[in-house]
Amino acid sequence: MTAGTRTLDVVVIARNEAARIEACIASVLAATRERFTDAQVVIVDSDSTDGTAAIAAKHPVHVYRYRARRMTAAAGRAIGFKQTAARYVLFVDGDCQLVPGWLELAIATMDDAPNAGVICGSRRNAYAGADGNEFEDAGDSLGGTALYRAAAFVGTGGFNPFIIAGEEQELAARIAAAGFQLLRTRAPMSVHNTDRKESPSGIWRRCRSGMQGGPGQVLRAAWRDGLFWHHARRYNRYVLTALDLGVGLACLALALTGRPAALAAWAAIWILLFLVLAARRRSLREAAFIVADWISVAAAGSLAFLRAPARPETFEYELERIDRARPVSLAGVRRAADASGGMPR
């Protein structure tokens with residue numbers, strides 16, 4: 001990767017997004033059409049089974065497909081970044097659409113702040129319903145879409161391809177620790193087509209994909225990088241839930257030895273906290289899904305934290321370029337740390 005030869009390149013990651021990838025690409029091409037005509041748009045497909053790569057290849061973009069033992073959003077972004085050669089790189093998830101006007105604002109803001117490493121805007125989640133999409137404000141935190149300064153990305157090592165969830169915040173913490181600014185704007189940035197997190201399908205999707213263990217991976221990696229307490233404060237609800245589950249197991253052990261009082265007190269506190277949460281949310285159903293999310297993340301995250309993390313440079317994958325005629329192999333197995341000068345195009 002050779003930064004600085006263009007102002008902007010775009011990396012779109014996708015896996016089984018055949019129903020949404022065209023809208024995503026259309027929003028990216030519309031955003032770059034006038035002011036960033038030389039921007040390269042790179043689509044990185046995580047070995048989709050629904051024709052996502054073939055649909056993407058119909059458009060004036062560069063399409064790559066990779067295969068690996070573990071495929072993550074972080075890996076797709078890390079691989080995509082290797083195909084870029086610009087001062088700024090915009091990452092967009094394949095189920096997101098850019099809001100017109102935000103990209104120009106973001107680049108102008110970054111130009112005015114030479115020490116800024118990343119910028120994001122406000123997001124909206126779009127939930128499919130019987131009467132069309134329902135929209136919800138998702139705040140102005142990192143999530144699926146953000147603009148990075150290439151120098152900050154390279155200087156901090158970029159995304160850890162092994163982290164399955166929370167990878168953007170994990171990288172942002174390293175960028176901030178390296179002395180770069182993290183910028184936010186309330187200007188509308190993107191629309192994310194997704195399932196509600198507090199729903200059976202949302203929790204099941206995250207459990208099935210392993211994403212519930214992401215916070216544990218982030219905390220373990222942060223321990224090595226000296227950023228553990230930064231992320232522990234951010235994940236406080238999951239950390240406290242994990243500690244409380246540990247207390248519950250200890251109380252259960254006491255109950256099995258004939259001393260049930262501690263377990264009864266522990267259960268009573270859980271019931272009281274649940275009722276308080278339900279009252280604040282004004283919904284028993286929503287409170288139940290929130291608690292289910294906390295418990296599943298705490299359990300999966302604890303197991304992930306106990307596993308020694310693999311080094312990012314050991315990530316192996318196979319890559320091929322997809323054009324409108326046929327796929328072109330890019331020479332077997334590659335590693336995320338290899339070919340820093342860019343992959344063949």
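Trainee: What covers the buried residues of H10?
Mentor: The cover includes helix H8 (214–225), helix H11 (261–281) and helix H12 (284–306). Before we go on, this is a predicted model, where local features need pLDDT of at least 70 and side-chain atom pairs count only at pLDDT 80 or more, while totals for chains, interfaces and linings use all residues. Residues are numbered from 1 along each chain as its sequence is written, and side-chain values use heavy atoms, leaving out hydrogens and water.

Trainee: Which residues of H10 are buried?
Mentor: Tyr 238, Thr 241, Gly 248 and Cys 251. Buried means under 20% relative accessible area, exposed means over 50%, and partly exposed is in between (1.4 Å probe, protein chains only).

Trainee: How far apart are the ends of H10?
Mentor: The end C-alpha atoms are 30 Å apart, which agrees with the 30 Å that its 21 residues (236–256) should span. The expected span is 1.5 Å times one less than the number of residues. After H10 comes Gly 258, with a positive phi near 95°.

Trainee: Which residues of H4 are buried?
Mentor: In helix H4 (residues 102–111) they are Trp 102, Leu 103, Ala 106, Ile 107 and Met 110. They cover an arc of only 125° around the axis, which puts them on the same side of H4.

Trainee: OK, new topic. Which members of the largest nonpolar core touch the most other members?
Mentor: Of its 64 residues, those are Leu 8, Leu 90, Val 92, Leu 147 and Tyr 148. A nonpolar core is a set of buried Ala, Val, Leu, Ile, Met, Phe, Trp, Tyr and Cys residues joined through side-chain atoms within 4.5 Å. Apart from that core lies another one, of 9 residues, including Ile 163, Phe 228, Tyr 238 and Val 297.

Trainee: And what does Leu 147 touch?
Mentor: Not counting residues up to four places away in sequence, its partners include Leu 8, Leu 90, Trp 102, Ile 107 and Met 110. Contact here means heavy atoms within 4.5 Å. In soluble globular proteins, nonpolar side chains tend to be buried together.

Trainee: How many aromatic pairs are there?
Mentor: The structure holds 16. Rings of Phe, Tyr and Trp (its six-membered ring) pair if their centres lie within 6.5 Å; planes under 30 degrees apart count as stacked, over 60 as edge-to-face and the rest as tilted. Phe 81 and Phe 153 form a stacked pair, 3.9 Å centre to centre with 25° between the planes.

Trainee: What does that pair tie together?
Mentor: Phe 81 is in helix H3 (residues 73–81) and Phe 153 is in helix H5 (residues 150–155), so the pair links parts that are 72 residues apart in sequence. Both Phe 81 and Phe 153 are buried. They also belong to one aromatic cluster with Phe 91, Tyr 148 and Phe 159.

Trainee: Which ring does the charged end of Arg 77 sit over?
Mentor: The ring of Phe 159, at 5.3 Å from its centre. A charge sits over a ring if NZ of Lys or CZ of Arg is within 6 Å of the ring centre and within 35 degrees of the ring normal. Arg 234 lies over the face of Tyr 235 too, at 4.3 Å from the ring centre.

Trainee: Last one: is Arg 282 buried or exposed?
Mentor: At 79% relative accessibility, Arg 282 counts as exposed. It lies in the loop between H11 and H12, and its phi is positive, about 60°, although it is not a glycine. Most residues other than glycine have a negative phi, and most peptide bonds are trans. Asp 47 is another non-glycine residue with a positive phi, near 55°, and it lies in the loop between strand E2 (40–45) and helix H2 (52–56).

Definitions and conventions:
Helix = DSSP H or I, 4+ residues; strand = E, 2+ residues; numbered from the N terminus. Arc of directions from axis to C-beta.
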